Amino acid sequence: MADLDDIKDGKDWGEDRPVDVSRFFLKGSEHYDWGMKARLSNIFRPESGRTVMLAFDHGYFQGPTTGLERLDLSIAPLAPYTDVLMCTRGALRTVIRPETKKPVVLRCSAGNSILTELSNELISVEIEDAIRLGASAMAAQVYIGAEYEHKSISNVVKLIDSGTRYGIPTMAVTGVGADMVRDARYFGLATRIAAEIGAQLVKSYYVEEGFEKIVLGCPVPIVIAGGKKLPERDALEMAYRAIDQGAAGVDMGRNVFQSSNPVGMLQALEQVVHHNMTGADAYALFQDAKPLNAD
């Protein structure tokens with residue numbers, strides 16, 4: 001049994017020794033088989049090793065929240081401007097045209113709502129349907145420290161095992177309960193657990209203090225969640241800081257589809273993520289961007 005009284009914070013993070021990606025461009029992925037690498041190459045651009053994901057899976061537990069009332073009007077037109085779509089199978093089948101040809105990270109957990117305990121989820125998509133939909137990855141929430149921690153970890157393990165059989169990566173999404181502290185120690189723990197159980201990529205949150213160590217301590221790529229709606233300037237600055245400190249991309253929802261100019265926000269995020277543009281310069285680009293359907 002582990003000695004819980006002698007857990008010490010890590011000290012040697014090897015900041016001066018980058019991870020070897022000479023045999024495959026993506027951190028921690030060089031030993032995967034061909035199909036897994038091919039799907040990861042759909043999600044992350046090989047030239048930058050990064051990605052911009054558009055998340056609009058919120059309805060599976062929030063319902064028609066602001067900006068997602070009509071997915072056909074608010075989300076479908078944004079598909080050409082993002083690298084990846086993160087959504088449920090219901091949204092994919094009903095509003096996203098197959099000819100869009102964007103890789104999909106498929107939300108595969110459900111069973112909760114904003115009216116109940118969020119950590120009490122189940123796997124809602126069988127591997128056959130993920131294959132049928134051509135998913136580039138599957139995703140489920142992992143709630144470390146929550147009431148149903150064990151169940152959420154079991155859900156992610158099930159996806160990892162089934163996905164590995166067919167060369168489909170799994171993204172573990174670090175869910176945070178109301179009573180949990182959003183700091184580097186918590187996210188360092190949650191992201192490392194996700195990687196240790198076999199997740200090929202992790203979605204987590206950016207924190208002001210210690211984010212670089214979260215990334216260094218996680219042997220697979222981390223993409224950051226946008227979280228609640230921020231002013232566009234702040235969201236772009238957060239994205240820049242995360243990328244500068246080692247994140248492999250962003251997976252933003254509300255900070256895009258609740259923006260005054262969602263297309264402009266995606267264009268600005270692309271410059272930050274793939275071209276190392278600063279948050280300030282990206283905000284200037286956002287201000288100059290032409291809204292969709294503008295004259």
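1. Two rings of Phe, Tyr or Trp count as a pair if their centres lie within 6.5 Å. In this predicted model, Tyr 186, Phe 187 and Tyr 205 form one aromatic cluster. Tyr 205 also takes part in a charge–ring contact: the charged end of Arg 182 sits over its ring, 4.6 Å from the centre.

2. Across the whole structure, a search finds 6 aromatic pairs. One of them joins Phe 24 and Phe 25, whose ring centres are 4.8 Å apart; their planes meet at 45°, so the pair is tilted. Phe 24 is buried, at 12% relative accessibility, whereas Phe 25, at 22%, counts as partly exposed. The cut-off for burial is 20% relative accessible area.

3. A further tilted aromatic pair is made by Tyr 206 and Phe 211, with 4.9 Å from centre to centre and 55° between the planes. Tyr 206 is buried, with a relative accessible area of 11%, and Phe 211 is buried at 1%.

4. The largest nonpolar core has 71 residues, and Phe 56, Phe 211 and Leu 269 touch the most other members. Helix α11 (residues 262-275) supplies the largest share of this core, 7 residues. Leaving aside residues up to four places away in sequence, Phe 211 touches Tyr 205, Tyr 206, Ile 224, Ala 242, Gln 245 and Ala 247. Tyr 205, one of these contacts, belongs to the aromatic cluster of point 1.

5. There is also a second, separate core of 18 residues; among them are Leu 26, Ile 43, Phe 44 and Val 105. In soluble globular proteins, nonpolar side chains tend to be buried together.

Definitions and conventions:
Residues numbered from 1 in each chain as written. Predicted model: local features only at pLDDT ≥ 70, side-chain atom pairs only at ≥ 80, totals over all residues. Heavy atoms only, no water. Phe/Tyr/Trp six-rings, centres within 6.5 Å; stacked < 30°, edge-to-face > 60°. Buried < 20%, exposed > 50% of the residue type's maximum accessible area, 1.4 Å probe, protein only. Lys NZ or Arg CZ within 6 Å of the ring centre and 35° of its normal. Core = buried A, V, L, I, M, F, W, Y, C linked by side-chain atoms within 4.5 Å. Helix = DSSP H or I, 4+ residues; strand = E, 2+ residues; numbered from the N terminus. Contact = heavy atoms within 4.5 Å.
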